[in-house]
Amino acid sequence: ILSLIVVCFAISFVALYSLYRQKKLSEVTNEFVNNMTHEFKTPISTISLACEALSDPTLHNDANIREAYISIIRDENDRLKNMVNNILQIAQLKKGQVKMNIEMLDMHDLVHKVVDSVALQISSAKGSLNLALNADEHELFGDKSHLQNVIINLVENGIKYSQGAPEILINTQSNGKYFLLSVTDKGIGIPKKALPSIFENFYRVPKGNVHDVKGYGLGLGYVKKIISLHKGKIEVQSEEGKGSTFIIYLPLKK
């Protein structure tokens, strides 16, 4: 009888755990769909408005205004393509189908390229991005495109989750075995209870019904997978209300 009770209890526990997992998956999926829909609606609406403006006959003679609207359409179209690419990259990573183009990289050169690519976002937010490139060894084998995306993701998170003008610091160090790159911001920080989940796909730190920060929870999941594919690791140090520091460890050239 005791054995039967134990078996019944075990079956009940497994069933309840399965129901919990399904409920959690459903909640995460719904949150992802809601966030993604919100993200896609904005550029689509902007493109629609710009097209309507361009159809106005009174604008045909004003080359500057016409070019401004065309530029808006081009930028928003690029934004849509980046969103789709991010989602596809996550799908490829989960299936193990991502292609890595491994080559010798100078990580300091890569950091400077990242700075150039996010300069407009920083200036638009009236913020600052400072560098402390202190690594003595900064050459390693890696995929240039994916590692650049990783750093951009971390910097853009620092911008998005800052209150007021963002203050971002990129620091590098080396210890003979690893090249360390950290991205520090003085933003809103991450609650302690949320830290174990931030690298899960589609996860976003709960903010109730407030969606004041755009995104669909793919960035950090992508970051962790790319770093893992490079045989590295990533850590996070954060305090709510004081900011966050993400530290990447990448194996150095041998």
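A charge sits over a ring if NZ of Lys or CZ of Arg is within 6 Å of the ring centre and within 35 degrees of the ring normal. Keep that rule for the first stop.

This is a predicted model, where local features need pLDDT of at least 70, side-chain atom pairs count only at pLDDT 80 or more, and totals for chains, interfaces and linings use all residues. Residues are numbered from 1 along each chain as its sequence is written, and side-chain values use heavy atoms, leaving out hydrogens and water.

**Stop 1: Lys233 and two rings**

Select Lys233, Tyr178 and Tyr249. The charged end of Lys233 sits over the ring of Tyr178, 5.8 Å from its centre. The charged end of Lys233 also sits over the ring of Tyr249, 4.8 Å from that centre.

**Stop 2: the aromatic pairs**

Rings of Phe, Tyr and Trp (its six-membered ring) pair if their centres lie within 6.5 Å; planes under 30 degrees apart are stacked, over 60 edge-to-face, and the rest tilted. How many aromatic pairs does this rule give? The count is two.

Tyr178 and Tyr249 form an edge-to-face pair, 5.9 Å centre to centre with 85° between the planes. Tyr178 is in strand β5 (residues 178-185) and Tyr249 in strand β7, 71 residues apart. Helices (H or I, at least four residues) and strands (E, at least two) are DSSP runs, numbered from the N terminus.

Are these two tyrosines buried or exposed? Buried means under 20% relative accessible area, exposed over 50%, and partly exposed in between (1.4 Å probe, protein chains only). Tyr178 is buried at 19%, and Tyr249 is buried at 14%.

Now select Phe199 and Phe246. They form an edge-to-face pair, 6.3 Å centre to centre, with 90° between the planes. Phe199 lies in the loop between β5 and α5 (219-229) and Phe246 in strand β7, so the pair ties together parts 47 residues apart in sequence. Phe199 is buried at 14%; Phe246 is buried at 6%.

**Stop 3**

Show residues 233-239 (β6) and 243-251 (β7). These strands run antiparallel, joined by seven bridges. Two strands pair if DSSP finds at least two bridges between them. Which residue of β7 is the bridge partner of Ile234? Pick Ile248. Three residues lie between the strands of this hairpin, and Gly241 takes a positive phi near 90°.

**Stop 4: helix α1**

Finish at Phe9, found in helix α1 (residues 2-54). Phe9 is exposed, with a relative accessible area of 58%.
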